[in-house]
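Hello,

Here is the structure for your files. My notes on it follow below.

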Amino acid sequence: MIPTESFRISPAVFTTKGEDETFSLGFSLAKSLGEGSVVALSGPLGAGKTCFAKGIARGLGVKEAVTSPTYTIVSEYEGDTIPVYHIDAYRLKGSDDFSAIGGEEIIFGRGISIIEWRENIEEFITEEALKVDIEISGENERLIRIVTGKQ
Ligand SMILES: Nc1ncnc2c1ncn2[C@@H]1O[C@H](COP(=O)(O)OP(=O)(O)OP(=O)(O)O)[C@@H](O)[C@H]1O
Ligand SMILES: [Mg+2]
């Protein structure tokens with residue numbers, strides 16, 4: 001478990017060795033999220049965005065398995081106290097596509113949103129959102145940079 005204080009530094013930079021550590025980092029980050037938080041992830045295919053999202057969801061009390069079905073853009077889960085949305089923007093062609101599926105209501109609502117491929121819906125990523133960049137730095141190593149949003 002990584003202490004919550006570690007995430008107050010911005011950017012907070014971590015190196016993980018293996019998917020368990022990336023999951024754990026997400027799990028720990030969950031403790032510093034609250035109603036309406038948006039975690040916006042970026043990083044290449046296979047970087048570990050879903051792995052990190054799974055950790056966050058578990059940390060928020062989601063019991064159900066978080067998956068990434070190919071054609072599902074938004075998945076809703078029940079957290080301890082608030083809904084958790086996992087959004088995979090990979091297949092979205094832009095913000096209009098996201099609006100068409102009611103995206104704003106989700107990310108500007110009271111639930112917690114975790115977004116993969118934030119660059120595809122960048123108009124909706126506000127300064128308050130937490131931005132997480134994952135870089136592949138080795139076969140099993142990832143460089144994870146977290147920029148805290150403006151409060
Ligand atoms: N340190 C690490 N952290 C996370 N995943 C790792 C790490 N090292 C190796 N991996 C592997 O990298 C892959 C990450 O997959 P994951 O689905 O989380 O990536 P993704 O960024 O969501 O990809 P996509 O762009 O396809 O959605 C897994 O196969 C995992 O085992
Ligand atoms: Mg993914």
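Of the chain's 151 residues, 40% count as buried; a residue is buried if 20 or more other C-beta atoms lie within 10 Å of its own, exposed if 12 or fewer, and partly exposed in between, with C-beta atoms placed from the backbone. This is a predicted model, in which local features need pLDDT of at least 70 and side-chain atom pairs count only at pLDDT 80 or more, while totals for chains, interfaces and linings use all residues. Residues are numbered from 1 along each chain as its sequence is written, and chains are lettered from A and ligands numbered from 1 in the order in which they are written.

The chain has 4 helices and 7 strands, in the order β-α-β-α-β-β-α-α-β-β-β along the sequence. Helices (H or I, at least four residues) and strands (E, at least two) are DSSP runs, numbered from the N terminus. The radius of gyration is 14 Å, close to the 15 Å from the globule rule for 151 residues, so the chain is as compact as a globular protein of that length. That radius is taken over C-alpha atoms, and the rule is 2.2 Å times the number of residues to the power 0.38. The C-alpha trace spans about 40 × 30 × 30 Å along its principal axes.

Next, the core. The largest nonpolar core has 36 residues, and V39, A40, I56 and V132 have the most contacts inside it. Such a core is a set of buried Ala, Val, Leu, Ile, Met, Phe, Trp, Tyr and Cys residues joined through C-beta atoms within 7 Å. Helix α2 gives the largest share, 5 residues. Leaving aside neighbours within four places in sequence, V132 is in contact (C-beta atoms, placed from the backbone, within 7 Å) with V39, A40, L41, F52, I144 and I146.

Then the ligand. Around ligand 1 there are 19 residues, the closest being T22, G48, K49, T50 and C51; a residue counts if its C-beta atom, placed from the backbone, lies within 6 Å. At least two residues of this shell come from each of β1 (12-17), α1 (19-30), α2 (49-59) and β7 (141-147). The shell divides into 3 nonpolar, 9 polar and 7 charged residues, where Ala, Val, Leu, Ile, Met, Phe, Trp, Tyr, Cys and Pro count as nonpolar, Asp, Glu, Lys and Arg as charged, and the others, Gly among them, as polar.

Last, F14 sits in strand β1. F14 is partly exposed, with 19 other C-beta atoms within 10 Å.

Regards

Definitions and conventions
Two residues are in contact if their C-beta atoms, placed from the backbone, lie within 7 Å.
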